[in-house]
Structure formats: C-alpha cells, structure tokens
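Open the model in your viewer and keep the sequence panel beside it. This tour tells you what to select at each stop and what you will find there.

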Amino acid sequence: MIRSSVSEIALNGIGPSKYAPPVRKRSLPRNQFRGIKKEELQRQTSMYLASMTIDELYTEILYIILHNVGCDVNLEVPQNSLFSYAQDAFRVPHNKHLQLLDLAEKKEDPELIINVEVIEAKDLRPKDSNGNSDPFVTLYLASNTSHRYNTSVKPTTLNPVWEEHFALPITDKSIDDTLCLEVWDFDPAETVKEKLGKLFDVKGVKGMRKLVKEIAVTAATGQHDNELIGRAKIPLNTIPASGMTMWYTLDKKNKITRQGVLKVRICFSSGKNNQVAAQEHRHIRRIILVHELDVSKPAAYWWCENFGPEANQLLTQHIAQSGLSPTEVALCSYSVYAGIHQSHPLSFCIFSKLLEKLLKPLQTEMILEEDMKLFWEATRKLLPSCFAVIRRIRKKNANEKTVMKQVIEVLKIFNYVMALEPTNIDLFPQNLYPWITFHGDDPNCDIAGTLQDAISKGAGDWLNYLIENNKATAETALARLQNLIQLLQLVRSDLQKAIEFYDKLFIEHVNFQYAKSLYIFYQAKISTLCEPEVRQICKNLKTLDYSGYDFGNGPVNTDPTVDPLAEGTSLFDLYLTIQRFVTSGQDICPSDYNGFHIKNFHQWFHAGVAQWLDIAVYKALQRIEKAIELDQLVHIDTSVKYSSSAVDTLTIFYQVNTFWQQLNWPNVESCYTFIAKIIDDICRCCIFYAEKMASKVDGMGDIENIYEKKFEVTNEWCLAINNIDYVRETLEPFTNGLGMEEILKKILELKSPVDAQRCRDTLNMVISNAIDTVRNAIIELLQTVVQKMAPSMKRLLIEGAELCNQDNNSIDRLMSYVDRNLETMHRELNKENFNRTLEIVWDMLSQTLDEIIQTNLENRRPPSFFANLQKTLKLMLGAYKDPTDCTSCDSLKRTEQILRINGLETSDLIHEVHLELAKKFDELPESPYGEISFRCKFDGDVLQVEVINARDLAAMDSSGASDSFVRIHLLPEHKFSSIDKPKTKTHNKTLFPLYDETFTINLSPEQREIKDGLVLLSVKDKDMLGYNNQYIGEAFLRFKDIPITSESLSNLPQVKKWLGRPTSFEMDTIKALEHRLGDKQAKEFLKKFKQRLAS
C-alpha cells in the first residue's frame, strides 16, 4: 500500500486574506521504486517474493535485531538473547548463523521515518479578546529547527480537533533527538477598523485589555504576530518501537499554570516495499508462532497471541522498520493464524479481535485485491472450526466460563464475516460441509443459512447419539415409553440450556434465534419418533381389571413383577413431558407455533385418557383406604368437628383435580365427556369413603355384660358421620375447580345454545345425583346409629309403660342412657347432622311405638298402659336439648296422638269422637242433610237454647218429606248424666220445619266449667210407632263458642250450621273403641255410631 501524503499549511504574518493558502508537501519517499512504472514495480516485487529464501528471511531478522529502534530496546531483551531465539526459531546451525550475521552487518543502515499524527487539544488558554483562540500546531526536530511542519488553523475554539499526519525523516544518529510540538494562536492581518468591529465580541475585562492592546499595536506598527499558547518536547528515545498515543502538557516560559494539553500519536517506520514487508512479516510470524507452540505446547483453542518477550520484540521491530500499518499487520496475522489454526487450533478471541480491526478497512475497500483474496482464503480456512464449535456445543459444559467465551468469540467471528456481506465467494465447499442444505450453482456464502444447518446437524447428531446409547431395556411397551420419556427429558434439558445460556448470545451477536431454530428441529423429530409409538401403545392398552371398590379384585398382570398400572402411568408421564415441550414452543416460536405438527399431540393419546381416569380413581381409592386406616378418629383441631381422613380425602380429590389440570385437554367435546366421568368417579370415591368409614367404626360402642347388651354413641361414630358430610360438602367446589363453566362457554361458542344447555343440565344432574347419593350414605350411617340405640329405647318405653307409677330405678337408668347418648351426639355432631339424627330418631320412635301399640292393642292392654307409655315418651323427649324439635316429626306426632287416644277411658274416648266430628262438621262447605238455625247463651250456670228452624232437610219418608224433631244432648255424656235431653215438637211432612222452641238447662258450676263441653243438636225423623226414629243429621256447638250474656236471647244473632253425619269407621278414636271388645260402653256406642253413618 502507498501511504497518504502529509499536508502542511504555510502561515504568513502579513497578507490580504485572513488565512494563507495551504501548501501541500509530500512525505519522504518510502521505497526505491518511486520512479518506476507500476507494472514493472509489481513484476519485480513478485519475482522477489517468489525467490525469497529462508536464509534471506533469517538475514532480514538479524538486520532488524542489529537496528532496533524505540525506547524499549534496552528495557526488554538483550541483543544476544534475540540472536539465540531467532536461531532456534529458524533452526539455523551456528556456523550458518555467523555467516548470515556477517551479511546483515554489512548492509546499509535503514531509512527511518517518525510518523506523527496530531489528533486534538483541550483546555487551551484563550489568546483572543473574544475568550477563544485560533490554534494551529507547529512540529519540528530540535536538530533541524528550520524544517517545520504546520497543521491547519481551527478558528474560534479552545478544544480543536485536527487528526492530521506528518512524516519526519531521522537517522540512527538522531535517535537521541527531540520532537518539538508548539501550539500557536493565529493572528490574521487586520486594520484598526476591522479590529474595532470586534468590540461587541469582547469577553470580560481581560478581553477588553487584549483588544485595546491589539488596536494600539496595529495603529502604531501595523504588525500582527502569532502568539504562542504552549509547547511540548518529546525525546525520540522515549518512543517505543510499537509507537504510542499520549496526551502532553503544554508549557510556556515564565508560566507556572498549564496552558492546555495536546494529544498525538507517534510511531517509527521505514521505506520498505509494502508487499515485500507484508510477505516477510507473514513468514516471520508463522515461523515464530510454530516455534512458540512447539516450545510451550498449549492446549487446543488455548493460545491467545501470548508471544514470549523475544518473539514479541522481533515482531514489533519488524513492523516498525517495515512501516506496516495496523491494518496490514492485522491482515498478516489473520492469514497466518488461520493457516496454523487448521493443524493446531488457536483461541477464537484472536480472530474476533483481528476481524474487528479489519472490518472497517474491508468495508471501505481500503485493501488491495490481492490482500482481499488473502483474507477470504484465510476465512475459508477458519470457518470449519467455527461451525464445528456450534455443532459440538453440547460436548462442553455451558457453566464453564471458557466454553461460553469460546462460543461468544465464534459468534463474533460470524457477525464480522456477515457484516462484510460476501458475494461470489465459495466459503462453504461441499467437500468440507457435506451436511449443508444449500443447493445451487452459485458460490455458497450464506453464513446464516449455514449456521442454521450447523445447528440442525449438531442437534441431529446428538439426538442420534442419545437414541443409540439409550435404547429400551426390553421390547415391552412400558420399556419403550420410559425410553421415550428419558429421551424427551434430555431434549428439553438441551432446549432449556439453549434458552438459558446460548439464545441471548446468538441474538446479541448474530441476530439469530438459536432456541427457535433448535425447537423447530426437535419438534419435527419428536413427532416422528413419538406419534406412531404412542398411537400403537394406546391402541393395545388393556382395560383395568377391577370392579367397584374391592381391591381384592384390583388390576392384575400376567407378570407379577410388573405393576399393572405402570404402562398407563408411564404413558401419562410421556404426555406431560410432550405437553411441557409443546408449551415451551408457544413462548419460543409464537409466530410459527400453529404450523407445528406436534401442536396436536393430544390426538395421539386420546385412546389412553379413559385408562388414565381409571388409574386416577383407583389410586384415589387406595389412598382413601390408607387415610382411613391411619385415622385415629380424633379432632384435628379444637375448632373443627372432623378428623384427619376427611382432610386427606379432600387432598386426594384435589390430586385428581391436579391431574385434570395437568391433562389440559384442548378438545372441548372430549373435555365434557371426561369431566362427567371424573365427577362420577369422585362420587364413587365419596361412597367408598362412607362405606370404609362406617366399617371402621362398626362395633365401636357395643357393650355387652351379664346384665345387658346395649350400644353407646361414641365420639368416633360422630366423627365418622361428620367426616362423610365434610367430604360431601367438597363435591360442588371440586366440580367448579374442574373448569366446567369454561368448557360450557366453549361449547356455546362452537355449537347452539340448546346443545350447551343440554350439556349443562346433564352435568348438573350428575353432580346433583352424586351429592344426593353421598347424602343418602350419611343418612344410612345415621340410621345405623339410631337402629343400634333402638332396642334400648324400646325397652325404655315398654318398661316405662309397665312401671311408670311404681318406685323403680330402671326408668332413671334408661333415661340416663338416652340423655348420655343424645348429649354425645349434640356435642360431637355438627348442627346439620344432629338435626338429621333427630329426624331419624323421631321416625324410629314412631315405628317402635306403632309396634308397641299394635302389639298391646291385640293383647287388650288397659288404657292405663297406653297412658303410661305416653308419659314415658314425654320423659324421653324431655332428654333432648330442644324438645320443641320433636314437634317437627309428623309421624311422631301421629303416634303420640294414637297413644293419647288409646290412653283415654272409654267415656273420654267417646267424647274424643264427638270432638273430632265437631271439627269435621265445622269444615263442611255444604250438606245434603240440610241446615239448622238456633241461638245459645250462658247466663251464669244456665244454658238457654232456642231452636229456630231447619232448611232443606233430607227427605226420609216415601212422600219426599220428613217428620223431624230436634233433641239436645250435652257432651261428654257421662258428665251430664243428670241433665235431661230436651227435644222439640215433631213437624210433619216438611223439609223446612219452623221449631221456635226455647229450652232452659240448669247446670252445676262444675258442669259449666267443662272446657271441651259440647252441645249436640241431633235432628231425627220420627217413626210412626216411635220405636225406630231415623237419623237425619247433627250439629255441634262448643261451650267456648257460646256467648255469656244476660241479654235477651232474641237479640242474639242466629247460629247456622250444616247438618252432618259420620262417614266411616276410619277414625283413630273409633279404631281404639273397636279394640275394646270387652267394654260394654264402647260396644253400645259403636252400635249407635253405626246407625248414624251416612248411607
């Protein structure tokens, strides 16, 4: 390369313009061929390069050693050591070395040049009135002050930037010379008028003084001199051979403070031909590198341009004395290192750093065509090892810093090469890259495409290695499933490592999504590997051979050593593993995800879901049984009324829920079917829990001794009942947790509202049936408890009926039994279960009493027995915490009513019949027997009754009329036996008789105070002979409904009542009378009652 010429601007003190015109001055000649034509120069250079021998190269090295330049010559390696090192590196015999050394010593001294780049200055002292300066730099050697070089002027600034280059010739004798750098303020030639024009630009008092001084000088002498700002002196013997860039302080005579700083870059060079120098440098660097590697023997990819001091000094001196630019040195190093790298891998950081230096020159085409070919040839050698790192990335531990650094450097290399945008360069020949997918006749220089192929190739090789070295241990479906799971876990681990360690690096350095590329490759391979295997295994799955909840008939297998659930469980594990892989793909490849075949992986497993659900419920049943077995039936906490197995069962249910959430089945219609089955299975688990819990407490509380056999309600029984109820209460929240509503919404979106509602109704019915089934199981257990108590309670009732009025402690003992058990249930059961228990107790008591009543009625027990039985029942009901709860049981109320009726004496029982008839007749809306009108009143102990008339009486004669009269009865009859039964006159041949008769009946005070007394108005049809009067109808009026007044009877309102007649013997009171077969009074009443029956 030919270095650019250096510019110089001449500054004149006087002139018409502000700036003197710049004068270009060429740098010193750099070689001896300046006057030869270019073609001839290239021909001679090529001949020289072709004829260059190792001896000539070695002689050049000796020449360099003899003429070392720079301040670091005496500070590093002595000359003898350099000679010895060169002799070893070049493998030159000693006599040959002496011979060539003699030749080198006879050569002329080299033509040296010191290159100076004036870069910038900062914080310069202001020299103009406006507070700024117009600086420029003058540089010269102290030994030749007449030969000065000037930079351009930078107007109005204290921080100028020049970036201008200069070349100053030196000799060996001037190595002790000094480089002088002076910064001046340029002062242009101006008139007084022009200077006065700057008045408004003056800055501060100091600026005004300067302006006044300049005007005075100009007016007096007309001169304008440049003013020195500051200077710096640099001894040449302080400049290292490799050059330096430094800031120098600007000083000024008689000034203590700093005048500013100046930044310059200084280095040595010579006038050697560039091509020759570059060729020499490549040979020397290659020989020295081979020698260094041979001596130090570093590990592969370890050497990082860490030359020894001798090698480093030889290379530095050759660069300095050959005048090679940094770009030329970088290109030489890159070419040499790429060649050596093929046989002895070097650190990739060398190449990335060199490419960073070469990038800009290569992009701006500042390199010759021959050098460009050299660069791409070297790159072609380097890239195979770079892609080998990507392909074998899994063989290294990503946690090691050296591994990550190597990957980073390789990616930097790719980035720099891609930035050069190579075209028409075959970087990837087929023989070196047989795995690339590039097809075409044009040269392949696609870095990104080859990187994609390298990643796929590396992943494919690794996957094949895993398949070959992790084969199934047996030819069974279980072994194949476990093998696939292991393989997928390794693939996911590799993908995770790609995301965690490499993806950001690839994106940052080469803008390449490594994890995405890897995932696209893996998803295709996994689909190919897993789909046919999974479909075949699902097709061959056997139904689990167990029925109900009997684990004795649980799943079996022909091979007793193999778990019958293992195949289905492993299939589900494979499903989850693929699911996690697919889910990660949504994050890694969001835009490409819908096009992946593996997205629909769930379809492969559809035939296996039914068995997974069976396995889930089977395992749930096993765990429930174990939870019950371990349950000590004690409160888990003082604040709750259930034990550990209830909580464990709830946890087991939510494990099933977790299974469903893990399944995450995407197909809506299948989800609906699966949820229905899960709900049904959970119901089965609840029933199983209830049965097992009942079995656990069965036998607890049974007490048997020589005196008696009874059952005591225990805390364990109550906890068992509460546990089952607690499990039941979890059913509805559990179904909500299955996501039922979301599925129904999706069905509504996919289908019609009618279909969605039908699905909703079906699921709700399944849930409702499940809850009802479990509730029934609770009720059955409560019934069991009550049935165990029934014998003792029956004995209490019977003994109470027999011994109620006797001095006997059996009643107290039995009452204590009832009170104790009810106290336990009230304390231990929750409120709802206690109320249920009471309902069952009422039903049980009702049934027991019915049996006792029926048995003793058949045995013709006296009314006192039934009265005592009723008293005993009341005593028993009094043992409850809230006796009013007993009134809520209809069957018990009816039984108690029957007891009350059968406990009445016959006369009272007959009156009970009349009371019942009175109530029934009052409710008649109308009557076919007619209506009667009358008035009644009490005046003291006197009862007055006025029978007024009757209407629409039933026709009792063949003529269609009746011969009616009214007889008045006071009831109960046995309490009014001393009272006459007055009657009206007979009114013949009429259905509308007008009686108009008043009767006065005197009563005793006791009779007057009878609370349930009745007035019976009996209407009859008189027989011709008076012996067989026919019954028409009757009406009742209660004593409590009769007004008490002294007012005239005629002033009182009429009372109108429909006439009624008994309709059947189906009355509890009548049945009680029928059971009193030996009672004459009852027999006589029933006979008359039969006559009163409606036909």
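Two residues are in contact when they have heavy atoms within 4.5 Å of each other. Keep that in mind for the whole chain. Among contacts between residues at least 6 apart in sequence, 75% join residues at least 24 apart.

**The whole chain**

Show everything as a cartoon. This is a predicted model. The chain has 31 helices and 19 strands. It holds 1095 residues, and 50% of them count as buried. The accessible surface comes to about 54700 Å². Carbon and sulfur atoms account for 50% of that area.

**Stop 1: two helices, α25 and α26**

Select residues 831-858 for helix α25 and residues 863-877 for helix α26. How are two packed helices described? By the angle between their axes and the distance between the axes. Here the angle is about 165°, and the axes lie 11 Å apart. An angle over 145 degrees counts as roughly antiparallel, so α25 is roughly antiparallel to α26. Their crossing is right-handed.

Next, show side chains. On α25, pick Trp842, Leu845, Leu849, Ile852, Ile853, Asn856 and Leu857. On α26, pick Phe865, Phe866, Leu869, Leu873, Met876 and Leu877. These residues make the contact. Which classes do they belong to? Twelve are nonpolar, one is polar and none is charged.

**Stop 2: another pair, α2 and α8**

Move to residues 54-66, helix α2, and residues 309-322, helix α8. At what angle do these two pack? The angle is about 85°, with the axes 10 Å apart. Angles of 65 to 115 degrees count as roughly perpendicular, so α2 is roughly perpendicular to α8.

Glu60, Ile61, Tyr63, Ile64 and Ile65 take part from α2. From α8 come Leu314, Gln317, His318 and Gln321. By class, this contact has five nonpolar, three polar and one charged residues.

**Stop 3: Val697**

Select Val697, in helix α19 (residues 668-697). Is Val697 buried or exposed? Buried means under 20% relative accessible area. Val697 has 0% relative accessibility, so it counts as buried.

Now show what surrounds Val697. Leaving aside neighbours within four places in sequence, Val697 is in contact with Leu633, Glu716, Trp717 and Ala720. Take Leu633 from that list. Val697 and Leu633 are 64 residues apart along the chain, yet their C-alpha atoms are separated by 9.2 Å.

**Stop 4: Ser907**

Go to Ser907, in helix α28 (residues 906-922). Its relative accessible area is 15%, so Ser907 is buried. Beyond neighbours within four places in sequence, Ser907 is in contact with His974 and Gln1081.

**Stop 5: backbone details in loops**

Switch to the backbone. Find Leu971 and Pro972. A cis peptide bond joins Leu971 and Pro972, with omega about 5°. Pro972 lies in the loop between β15 (964-971) and β16 (994-1002).

Then select Asp123, in the loop between β3 (112-122) and β4 (135-141). Asp123 is not a glycine, but its phi is positive, about 55°. With a relative accessible area of 47%, Asp123 is partly exposed.

Finish at Glu421, in the loop between α12 (401-419) and α13 (447-469). Phi of Glu421 is near 50°, a positive value in a residue other than glycine. Exposed means over 50% relative accessible area. Glu421 is at 63%, so it counts as exposed.

Definitions and conventions
Residues are numbered from 1 along each chain as its sequence is written. This is a predicted model: local features need pLDDT of at least 70, side-chain atom pairs count only at pLDDT 80 or more; totals for chains, interfaces and linings use all residues. Side-chain values use heavy atoms; hydrogens and water are left out. Helices (H or I, at least four residues) and strands (E, at least two) are DSSP runs, numbered from the N terminus. Buried means under 20% relative accessible area, exposed over 50%, partly exposed in between (1.4 Å probe, protein chains only). Accessible areas come from the Shrake-Rupley method with a 1.4 Å probe; for residues, only the protein chains shown count as cover. Axes are lines fitted to C-alpha atoms, for helices over the stretch in contact, and angles run from 0 to 180 degrees between N-to-C directions. Angles under 35 degrees count as roughly parallel, over 145 as roughly antiparallel, 65 to 115 as roughly perpendicular and the rest as oblique. A crossing is left-handed if the near helix is turned anticlockwise from the far one by less than a right angle, and right-handed if clockwise. Ala, Val, Leu, Ile, Met, Phe, Trp, Tyr, Cys and Pro count as nonpolar, Asp, Glu, Lys and Arg as charged, and the others, Gly among them, as polar.
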